[in-house]
Structure formats: C-alpha cells, structure tokens
Amino acid sequence: MITTLLYSMTGLLLFAMGLFTLFIHSHPLRKILAVNVMSTGVFLIMVATAYKPMPLGNIDPVPHAMVLTGIVVSVSVTALALLLACRVQETSNLDLLERKKQARIPEESRR
Amino acid sequence: MKTEKKSIRRIRNRGKRLDAWQLLLLFLLLCLTTVLGTIIWTMPENTSGLTDAVARLQEQSGVESPVTAVLLNFRGYDTLLEVMVLLLAVIGAWSLAKAPFSGQAADTGPVQMGVVRLLVPLMFLVAAYLVWQGSHLAGGAFQGGAILGAAGVLLLVTELLFLPAIPALPLRIGLVFGPLLFVVIALFCLCLTGHLLGYPEQAAGGLILLIETACAISIGLTLASLFAGGHPEDDHPQSVNPTEHSDKEEWP
Amino acid sequence: MISPIILPLIAGLLCFLLNRRTFAIALAAAVANLLAVCFLTYQLLLFGPMRCHMGGWQPPLGITLRSDGPAVLMLLMTAVTGLAITVYARGYFSHRILNLRQATQHQEQQRYFWPLWMLLLAGLNGLFLSNDIFNLYVTLEIIAIAAASLAALSGKPASQLASFRYLLVSLLGSLTYLLGVVFLYRSCGILDLDILQHHVANGPGIRAALALMSIGLLLKTALVPLHFWLPPTHANALAPVSVILSGLVVKGSFYLLFRLWFEIFTQLITPSALNFMGTLGAVAILWGAVQAMRQHRLKLMVAYSTVSQLGYLFIAFPLSRIDESIQVWSIVIFMALGHACAKSALFMVAGAVFLHLGHDRIKDLNGVRASLPIPVFAYGIAGVSLMGLPPSAGFIGKWLLLTSSLTSSQWWWALVIITGSLLAMIYVFRVMSRFFVIPEDYSVTTSAPLSPLLEWPALIMALISLFLGLAASWPMKILATGNTALTQVFPGGLP
Amino acid sequence: MNWEQWLLPAILLSSFIPGIIIFALPEERHRLRTVLNLCGSILKIVLILVMDTGIYFGYNFEIRLSLIPGVELLLNGDPLSALFATLSSVLWLLTTVYAIGYLEGSPNRSHFFGYFSLCVTVTIGIALAGNLITFLLFYELLTLTTYPLIIHRGTEKSLRAGRNYLIYAFSGGAVFLFAVVALQTIIGPTDFTGAGFSPSFIDTHATALALIFILLIIGVGVKAALVPLHGWLPQAMVAPAPVSALLHAVAVVKAGAFGIIRIVLDVYGPQNLLLLGVLPLLAAVASITILYGSIRALQQDDLKRRLAFSTISQVSYIALGISLVDQPLAVIGGLVHLVHQGLMKITLFFCAGNLAETLGIHRISEMDGVARRMPFTMAAFSVGALGMIGIPPTVGFVSKWYLGLGGLAAGNWWVVLILAVSSLLNACYFLPILIRAWFGKQQGPWPDELYSGRFETRFMLLIPPLVTAFIVIAAGAVANAQISPLAWVRFIVRKYGL
C-alpha cells in the first residue's frame, strides 16, 4: 500500500520535473531528455498501479503490458526526436532563435 | 510571436536564476502535482483491475506468463500496432538523412575487438534465451530484441558492421520481417477462427513463440538502425551518382 | 471491419519493403480502403452499430473495434480525402522530379512518403474505430510519429525545426493522455469504452483522468492557446503533407476528445466546462481569422484559417445542452467534413500555385486565374465552403450552430459565428482578388504546365465540400443509425 | 413527377448549363458561345412564359428538397415571382445581345459570359425562391456571381470597387442570415404563403419580431441600396456597361427590392406589420433615399455616376409603395415600378454604354450636340429620361400616378409632396443632358471616336436600347390593356387579397 503510494508519488514528481524542464529549457537535447523523464514518471505510476495488496490477489499483468508498449513507443519516439534534432543542428548553423523565426516562413522555391 | 519572446528570455536566462514567469510556472506545477498527488492518495485501492479476468483465461492463452499472454494474445492488437510504431520510427529516421559516413575506420584496439568477439555471440545467446523463456517467465520479444539491438550497436560502434555499406534490400527485409509475419499470422488466424489474432487454442503457444522470435529479430535490427541514424547508401530507386546525392545538404 | 486498418498497414509495409511501384501499391490500398469503408457504411445502414472483438476476447480483457455513425462518417471522410491526396501526391512528386533540380532528393522524398502516409492512414482508421482507451493511445502515437516524419520530409531547416517542435508537442500530448489513462485504470480498472460508459462513477480520480486526457488531446488538436505549433508545421511541409496534416490529422484527436466528452463521461461534464471550451473556441475563431488576414503567404494564411475553423468545432460544446446528442453530433460532423474537404482543396491549390510560380507570396499572385483556371475555381468553391455560404456543408454546420445557439438563447455565440464567417470572407477574397488581377506586364514565370493530377483532385474535393450541403440528409441518416438519440428524435427515419 | 414540378428546375438549368459549357469553351470559340447564350436566353423566356400562363390559369408550381430537418429548399412559382422572372429573363436576352456587341475583341470573354449566365440563373432563382432559406441561398450566390463581373476589368480601381461591394453585400448577407435563423426559431418554417405568419406570435414576441424585421430589411436593403447602405453602388460603376445595366435594372438592386416586397407581403404579411407598426420606418428610409439619391445625382458630371444615383432614388419608389401596404393602389404603384424602373434604367445604361463605346464620351460636359452624331441612341435615351421624370405616356408616369393615388387615398400628403419634389429633381438632372445633346453645339472632336460605320454605332449595340425604349412607351400607352405589367400587377394584388 505505502510502497504503491511511494512509487506513484515519485512518478508524479518525475512527471512534474520533466514538464518544468521542458518549459524552461530551449536546447533540443534537454527538451528530449525532459520528455523522457516525464514518460518514466508515467510508467512508474503505471507499474505501481499493477501492484495489488494481498487480499485482491497479487499482480495485475495488464499495466505491465501497457508499460512495455509505452516503453517501446517512447524509445522509438526518442530516437526519432534525437535524429531530428541532429538534422536541425546540421542543416542550419544558425542560432536557435533565427531558426525559430525561420520556422514561420514557408519553404522558398529551390530554383 | 509570443513563444519567440519567451524563448528569447529563456536564452538570456540560461544559467541565471529563474525569472518571474518561470517561478510562476514552478508554482503552478507544484499545485498540479499536489492536487494529483492528493487524488492518488485518496484514491480507493479496491479495484483489482483485470487481474481476475487474466487469471480466468490464462490457460486458454497458450502461455504461462500472464504478461506475455496479455501482450501477445489478449491484447495482441496493441502489440501489432506497437511494432508498427517501431517500424515507423525507422522509416522516419531513414527519411531524414543518409547514415553518416565517418571516412576512416575507427581505431579499434585489440582489447575492444576481443571484448566484442566475446560479447556479441553471448548476447545473441541471451537474447534467444529471453525470447524463449518469455512464454513462462518475464521476458519476451522486446527484451530479446533490446539485447540484439545492443549487440548491433556494439558492432556499429566498433565499425565491424557498417550500416551505409549494408545493401538496403536485405536490411529492409529484416526490418519488415517481424511486423509482416505478425500481420500474416493475424490474418491467418482470421481465416481459421474468424477473429483477427484469434489463435486456435492448441496452436497458440507455437504461433506466439514464432511471432516473438520474428519480432525480436526485427526489433533488434530496428534499434540498431535507429542508432545508425539514417538510411543505407542505396536505399532508393536509381540513386545513380552518390555525389549529386550527397550535395543534398547544401541549401540555397 | 478491420480491413480499413489492415489494408493500409500491409500497403505501408510493402511500400517500404520494395521501393518500386510504390504509387501503384498506395493507390490500390487507397481505393480498396474506400471500397471497404463504403461496405462498412452499407453494413451499418443495414444492421446498425457493430462491435468486433480482437482475437475473439470479450471486453473487459480484449480490445474491441466498433463502427457507429460518427466513426463511419469520419472513416468515409478519411477514405475520400485519402484517395484524393494519394493521386495529388503522385502528381506533385512527379512534377518536382521532372521540373526541379536535385531530382534524386525529390525521388527520395517520394520514396519515404508512401510508406509513412499509408501507415498514417492505418493509424487514423484505427483511431476512428478503436473502442479501447489504451489502444487509442497507441494509434495516437502512430499518427504522431508518422505525421512528424512527414512534416520533416521537405528537408529544409525550417520544416525540420517545425516538425521537431510538432513531435515534442504531440509527445507531450500523448504522455498527458497516458497519465489520464493511468488515473482512469487506477480508479475503474477498465479500458473498454462501452463498459466505462456504464461504470463511470463521478469521483476525483475520474475527473482528474478526464482533465488530463482532454488537455493532452487539446494540445494535439491545437485549440487556441495551444495552437502555436500548427501554422509553422502545416505551412512548411510539402503540399500533400500539409493536406494530410490539416485535413485529417487534427480531426483524429478532436474526434477522440469529442467522443470522450459526449459519449463516455457525459455525466461528468459541467456547463462551466462546456462554456470554457466554447470560449476557447470563440477566441480561436476570431484570433485565427485575424492572423490569417495578416499573413503574407498563401500557405500560412490557409494554416491559420485551420486554427480558426477548428474553433467552430469547439463552439459546438456549450450548445450541446439542448437535446444533447443529435444537435451537437450533426454540427460537429458537418463542420469536420466540410472543413476536411475544403481545407484539403485549399492546400492542394496552394501547392499547385507554388509549383507554378515558385513562390506563394500573396501580393505576387496576380493573374494566376488565366494560367491556372481550374485551381482558382477550386479555390473559390472551397472558400465558399469555408465562409459557410449556402449550400456548402459549412453552411449546414453554421446553420445548426446558429439555430441551437438561438434556441438555447445564447445569442453571443451566434454573433461570434457570424463575425467569424465575415472575417473568413475577407481573408479568402483577399487572395481571390489577386487571382483576378490582370497584370499589365503579363509574364508568368515560364514553368512547365501542371499535370491534371495536380488540378483535378482539388476541384473534386472542393465540389464535394459544396454539394455535401445539398446531400445533407445522407450523413444525417448515417449518423442516425449510429446514434440512438437521433433515432429517437426522428422515429420515422430521416428525410 | 409531373411537368409542373420540373418546369422550375428547367428554367434554372436553361441558363446554368450554357454557363458551365461556356466556362469550358476556349477563348476563341465566339460563334458557339454566342449561339449558346442566345439559345439559352430564348429557351428561358419561352419556359417562363409557359409558367406565366400556367400561373394565370391556376396551376401551382412547386418543388422541394429537404436538406436537414428545418432546412429545406423550395422553388415556388407564384404571380409575384412570375413578374420578376419575366422581367429579368427578357432584359437578360437584350443585355446578352448588347454585351456580345460591347465586348467584341476584349479578353476573358469566356469568363465574362460564364459568370453572366450564372448571374442570371441566380437572379431567376431569387425570383422563384419559395421560402426565406432558398432566398438566402440565391441571395448569397448572387453576390458571388456578380463579383467577378464587377472586377472584370482587373484594374486596381475595379478591385477596390469589388472589395467594397463584397464587404457591403456579405455584411448584409450575414445580418440577413442571423435574422432568418432568429425568425425560424420563433415562427418555424418561413414559406412564402402570401398571408404571413399567424398573428398569435405577435402577442408573444412583438419586440423580437419587430427587431427581426428591421434586421431583414437591413439585410436586403444593402442590395436595394437604401441610404445609408448605398455606398457600393456608385463605385460599382467601374464595371463594363452591360454589367452596370444588369446590376441596376435586372439583378442586384432589383433582388434587394424584390426581397423587401417578399418580406413585407409574404413573410410578415400586411396585417402583422400594421400591428407591429414598423412600416413608417421603412417609408421614412425610402423617402430619405429618394430625395438623397436625386440630390446627389444633381452633382455628378460623370454620366454613369449620375445614372447610378438616380437608380438609388428610383428603386426606393418600390420600397415606398410597399411600405404603404394598406393602400392597394400604392402597392400596385410600387410593384409595377419594379418593372418600369428596370425598363427605363436599362435603356439609359445601354445608351450611356453606346456613347462611351462609340465616341468615348463619359462626362455630361462632353455631350454637346451628340444627338446629331447618334440620333437613335439619344432618342432612346430621351425616352428613358422622360420616363424617369414621369411624363405621360411613358411607364414612369403610370407608376408615379398610382403611388400618388395611394398616398392620397391614405391621406398621406407627404407622399405626394415627395413624389413631386423628386420628379422636379429628376427633371433638373435629366433635362440639361437632353438640352445639351439635342440643341448644344459640338465643341471640337469627340474624346476618342472608336467606331465609324454604316450605322451610328455597332448594330448589336443599337438594337437593344431601341427595343427597350419602344417597350417603355408601349407599356405606358397600353397600360390598361389585357396584357401589360400593370394588368399583371393588378392580378398579383388581387391574389394577395388587398
């Protein structure tokens, strides 16, 4: 019971921390990491949900399955995000701000 | 416009103390956390979730491990889509760039090589074991695939295996193999039992193991090629001259 | 019922596996998908809503697919638009490959476009059909990843940064949604929507869950305070991708949000919450329209008009209090359908103009009418639908909105709606008049003639959006078979 | 399905289908385009005459299409719609002939004639609309189809005019939409029954209904160019002459006036309006518009602008007549002026177009002695002008006569006063033109003489004004005959049981 709560609270805290970082930091890598921390938090709460105190029988496998799915999803999304960040860094040597501005202008013709 | 101003401020305050709106944000988040926390705290713990349902249908699922049963039988459809997510990540990654080509071979000392020579086969073994025991204990396709992926990463790092050099077709076949087999088996079951992924009860164990193995291989490849970060050299129709192909990076 | 999901899935895998004849595969899949959806509609009209248990496992354990009126209508919208997009994309890429430099790059873009688009289609269909709250999360993720990769496809820094932001935002959205799912599961222990519908007990846990899920979905739907990511992403992507994102993807998350609010958690919804949504919607309409008027580029203008049009969907929320289901469902369905067709037509036209002139600066669009008659015609018709003039589908939606806002004596929404359509008129015709100018030095950039594949899909989509209003009784009928409230309202079936 | 039902769609399609074909035609297929146009318009006239006789002998034409519960499209042929439909189809034929001559050799004719046909289709749709929703549908479509015609020249000036037109028209449309929805939520379906809704609603929603009436009038008043909603009309003069003729005599302004008639007679019904007591408002606005238009017309030197302001004042005669709805004679005067004003004004615009096309004359100060150069044109012009002033035996006299009688019968002396003053003003701004044209000495060459041939100008430009001028006199002379606008209007008023 207490353990469940402990895990859940930790997960919640991680979620909030990740959210805060996501908002205040502008560097792509930090943002990606922040999102990862958040997802970890969510998964932690999920796993905590799976644990059922004795009278109700032992473990609920469904959240486990969901966590596995979630982890895989977050892994793939993280990989994609990292690659995108790298591409952004490579393809334009501008400062982040310029790029942010530029992101509002549609593509120019390439002839 | 507004987001830009924010970002400007953020850039300025890099490393400085938090300014007003950040503090406000912090405060809001704390409130949120406390609210959610109290809700969790006060939440009644009496729901047993789906434990009993799983326990009831366990023996029909064809595997002992409840998690695997849920993952590949009861909620196999989720897993099917999830494998697609992985594949999508690879396609997305490949659409972004060609795998970076670091001209000279890496300076791999004898120790490193030795380690790799020892580790990689071992990893394959462990992966196979994980997949196999997935049917009755914790473990399964994803765990196995992860190990395989790690092995692939090791090979890539030491450049014993070099992705841009790999011909694209076999790689693609390897990547698609798992998901495609999954779909085919699903449709096969549809023909047999009239339900997508509705395994016939006696064959369930075998089919699940088959799917797991295939997926493990594909997932391993997926993770490895995600690490390689880009599509191999010859992965699109008539890419005749790589020079014109590689000048894609320069922008007008 | 599974074929709308499985067909594009297989097509996507094949497109990725063998990179010859990808267009043929995609086209076949799109057509087959349309046929399957039509058959599904036929079944629906015959037998009413249907369930399909994955793997034969009954809920609560198994995953259920369900086809009811709204779902089938969204599927139809997706299938028709999807077919048009597939054809258009073919014309778009081949035109770029033939006439622009760096042909290999365009070939490469095309090579990865097809599998991504097919899998995205599968994800969308899955979203519309799925009846399991966690499975919905997975489909959301499929859509997010595919959409982000598509948005980055054009390869320019601008678009890549935009799509990076888009990816982060949608990831944040789905995480929040997932947290909501966790809360829900913790308090009910159920994932299947039908059972939830009956087991929802009004407790803090469930309210928190609903709030979290709604926030996540709002983030993906780009309701106004959370819309910042949409215009750059939609305006910087390749034209077919903009069509996909603006016409279909935003509808997916909105549809889910709407179902959660008006089917599952109905008794949790308070008038204040509805009014809050409505207010945001009103702000979205006005703000989006004003922004659209201020833009200097066609694609950005169209993107902001998407922000504005999404507002109408949310203004339907507070009007749902009178005779719950029928009014609000029909409003939303008509708005969504009309907007999907009109907006895809607009983006197709924008893409065609872009390929023709090599830019889309509004002030330099003079005299395009002479060189591109069909796209300009399509633009006009689609604009009519956006402005909600009769007999377009947008008009039916607006009519229903106005009627219900006046019958429930909330006339201020009506004022917002009217103002919104006037602003829409201004920004649509600001461009239209440019098309009609006859420039004194009449020298359009000597570019290759556009293939009919680039022109006709736009016109057809525009015409559909126009005549959907005249055939309005059909969607109503489909909606009615799905929706018990409707059948109660019209016992004798609909006209 | 019987023929009465399919006649109305056939009437619409008879110009819609040619329009669509013309859009598809390549620019240089002149002959085919001309043939299509003429066949379409003649066919339309024939069909509409069939409908008229049918209506006279008591058939009722009606076809419904229900979109969603509460929204249904209804086409319905009653005497009033027959009046408007006949007027616009006949004048459309003449305008088409005129436009073919006018636009010879100018670019983008496919677009022009395409939109031209669509425009008249929509106008007939307004005439045949059987309920407010259908009316709204065609009313909005009219804005859309006339816009390309107004900006047809494609110059920045015409674009500005077009923009103003759009803003005025769509704002009016929005107000109208709002009012229609509000009205429907109160009284349910708004079919044009000829009796109006049941007075029981007045007891419950008096103020709401009065407000809605004002909103409706504002909505249609924009197109009817009631002061202060008239701003777009003078600017729209940049359009080619046939378009101006269409706008002023057939389509847009008339649609507005027709809307006012429909709202007063059919949607609300005379009794309800008298109960609500909002008609004096309408009468006041109409009178103000009459005087304002005439006074502004005095100040214009540009011929077309002067004609435009005179339109503003003339169309309000219709509103004035309708606003005295308890006086059948006044109503007759208003209704018949719908036709008469169209005939006279289109004549005037044809002639103005001829002057501009042939001699490049745009200003009145350039018109000295033009009658010697173009006697036929100026003869037609004079007929139209005298009609506007209201000299017998022209049709203008007939309408003013009935309006005056109605005013007297109601004991409203001010009506007669306004009529007199406005006639005086009309005389003040038309007679000088005639004097210049006929008796003035030609100073120097014409601004730019474009045409010199056997006739004074192109054949196809000359015929239409002569025909209309002839009708102006004939219809006035035989006003009491069995078949004349006046007779038909009497028929209408009898139908409405006034």
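These legends describe close-up views of a predicted four-chain model, taken chain by chain and contact by contact.

Residues are numbered from 1 along each chain as its sequence is written, and chains are lettered from A and ligands numbered from 1 in the order in which they are written. The model is predicted: local features need pLDDT of at least 70, side-chain atom pairs count only at pLDDT 80 or more, and totals for chains, interfaces and linings use all residues.

**View 1. Chain A is built from helices.** Chain A holds four helices and zero strands. Helices (H or I, at least four residues) and strands (E, at least two) are DSSP runs, numbered from the N terminus. The order from the N terminus is α-α-α-α. Chain A has 111 residues, and 50% of them count as buried. A residue is buried if 20 or more other C-beta atoms lie within 10 Å of its own, exposed if 12 or fewer, and partly exposed in between, with C-beta atoms placed from the backbone. Among contacts in chain A between residues at least 6 apart in sequence, 54% join residues at least 24 apart. Two residues are in contact if their C-beta atoms, placed from the backbone, lie within 7 Å.

View 2. Helix α8(B) covers residues 168–193. Its 26 residues should span 38 Å at 1.5 Å a residue, and its end C-alpha atoms are 37 Å apart, which agrees. The expected span is 1.5 Å times one less than the number of residues. A kink of about 40 degrees lies at F177(B), shortly before the proline P179(B). The bend at a residue is the angle between axes fitted to the seven residues ending there and the seven starting there. Buried residues of α8(B) include L171(B), R172(B), G178(B), P179(B) and C189(B). Their cover includes α5 (76–96) and α9 (204–228) of chain B, together with α1 (3–17) of chain C. Just after the helix, G194(B) takes a positive phi of about 80 degrees.

**View 3. Chains B and C share the most contacts.** Four pairs of chains are in contact, and B with C leads them in contacts. Chain C brings 50 residues and chain B brings 47 residues. On the chain C side, the elements giving two or more residues are α1, α4 (103–129), α5 (133–151), α6 (157–188) and α8 (204–221). The largest share, 10 residues, comes from α4(C). By class, this side of chain C has 28 nonpolar, 16 polar and six charged residues. Ala, Val, Leu, Ile, Met, Phe, Trp, Tyr, Cys and Pro count as nonpolar, Asp, Glu, Lys and Arg as charged, and the others, Gly among them, as polar.

**View 4. The largest nonpolar core has 507 residues.** A nonpolar core is a set of buried Ala, Val, Leu, Ile, Met, Phe, Trp, Tyr and Cys residues joined through C-beta atoms within 7 Å. A89(B), L120(C), L150(C) and A345(C) have the most contacts inside this core. Helix α13 (residues 324–357) of chain C gives the most to the core, with 22 residues. A89(B) touches S76(A), V77(A), A79(A), L80(A), L226(B) and I145(C), not counting residues up to four places away in sequence.

**View 5. Chain D meets chain C.** Here 26 residues of chain C are in contact with 23 residues of chain D. On the chain C side, α16 (393–407), α17 (411–436) and α19 (473–482) each give two or more residues. Helix α17(C) gives the most, with eight residues. This side of chain C divides into 20 nonpolar, six polar and no charged residues. No contact joins chain D to chain A, and their closest C-alpha atoms lie 27 Å apart. No contact joins chain D to chain B either, with closest C-alpha atoms 29 Å apart.

**View 6. Strands β1 and β2 of chain D form a hairpin.** Seven bridges join β1(D) (residues 61–68) to β2(D), and the strands run antiparallel. Two strands pair if DSSP finds at least two bridges between them. I68(D) is bridged to V71(D), and F61(D) to G77(D). Two residues lie between the strands, and G70(D) in the turn has a positive phi of about 95 degrees. Five of the seven residues of β2(D) (residues 71–77) are buried, so the strand is largely enclosed by the rest of the structure.

**View 7. Helix α9 of chain D is enclosed.** In α9(D) (residues 241–250), 10 of the 10 residues are buried, so the helix is largely enclosed by the rest of the structure. P242(D) and H248(D) are among them. The cover includes α3 (79–102), α10 (252–268) and α14 (328–359) of chain D.
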